[in-house]
Amino acid sequence: MITAEAIKERKTAIQEDITKLRDTISQLDAKRQELVNNLNALSGADQQCDHFLSQLETETEQDENI
């Protein structure tokens, strides 16, 4: 037989699960943002390396033409 007390206990357990899931989602969102920021920083560093390599190639070509 179902009682009001049993339903209330189940409801409390469900609410605790909801809170835990919301906390986990919030943590995952923060971690995702951190990873996106790291990816952007690495992409910027990669582009900077390409730029430096291009500059070195240009300088080498100019030195050879002198």
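Let's start with charge. In this predicted model, the protein chain carries 7 positive and 14 negative charges, and their mean positions are 27 Å apart.

Where do negative charges gather on the surface? Look at E57, E59, E61, D63 and E64: they form a patch of negative charge there. Take one of them, E57. This residue sits in helix α1. E57 is exposed, because its relative accessible area is 51% and the cut-off for exposed is over 50%.

Now the pairing of charges. Side chains of opposite charge can pair when their charged atoms come close. How many salt bridges does the count give? The count comes to 1 salt bridge. The partners are K31 and E34, with 3.7 Å from N to O. Why these two? They lie 3 residues apart in helix α1, which covers residues 4-64, so about one helical turn separates them. K31 is partly exposed, at 40% relative accessible area. E34 is partly exposed too, at 41%.

Next, the overall fold. The protein chain has 1 helix and 0 strands. Its C-alpha atoms fill a box of roughly 95 × 15 × 5 Å along the principal axes. The radius of gyration is 28 Å, whereas a compact globule of 66 residues would have one near 11 Å.

Last, the surface. What share of the 66 residues is buried? The answer is 0%. The protein chain exposes about 6,300 Å². Carbon and sulfur atoms supply 55% of that area.

Key
Residues are numbered from 1 along each chain as its sequence is written. This is a predicted model: local features need pLDDT of at least 70, side-chain atom pairs count only at pLDDT 80 or more; totals for chains, interfaces and linings use all residues. Side-chain values use heavy atoms; hydrogens and water are left out. A salt bridge is a side-chain nitrogen of Lys or Arg within 4 Å of a carboxyl oxygen of Asp or Glu. Helices (H or I, at least four residues) and strands (E, at least two) are DSSP runs, numbered from the N terminus. Buried means under 20% relative accessible area, exposed over 50%, partly exposed in between (1.4 Å probe, protein chains only). Patches are made of residues with over 30% relative accessible area and no salt bridge: like charges are joined within 9 Å, nonpolar side chains (Val, Leu, Ile, Met, Phe, Trp, Tyr) within 5 Å. Accessible areas come from the Shrake-Rupley method with a 1.4 Å probe; for residues, only the protein chains shown count as cover. Lys and Arg count as positive and Asp and Glu as negative; His and the chain ends are not counted. The place of a charge is taken as NZ of Lys, CZ of Arg, CG of Asp or CD of Glu. The radius of gyration is taken over C-alpha atoms; the globule rule is 2.2 Å times the number of residues to the power 0.38.
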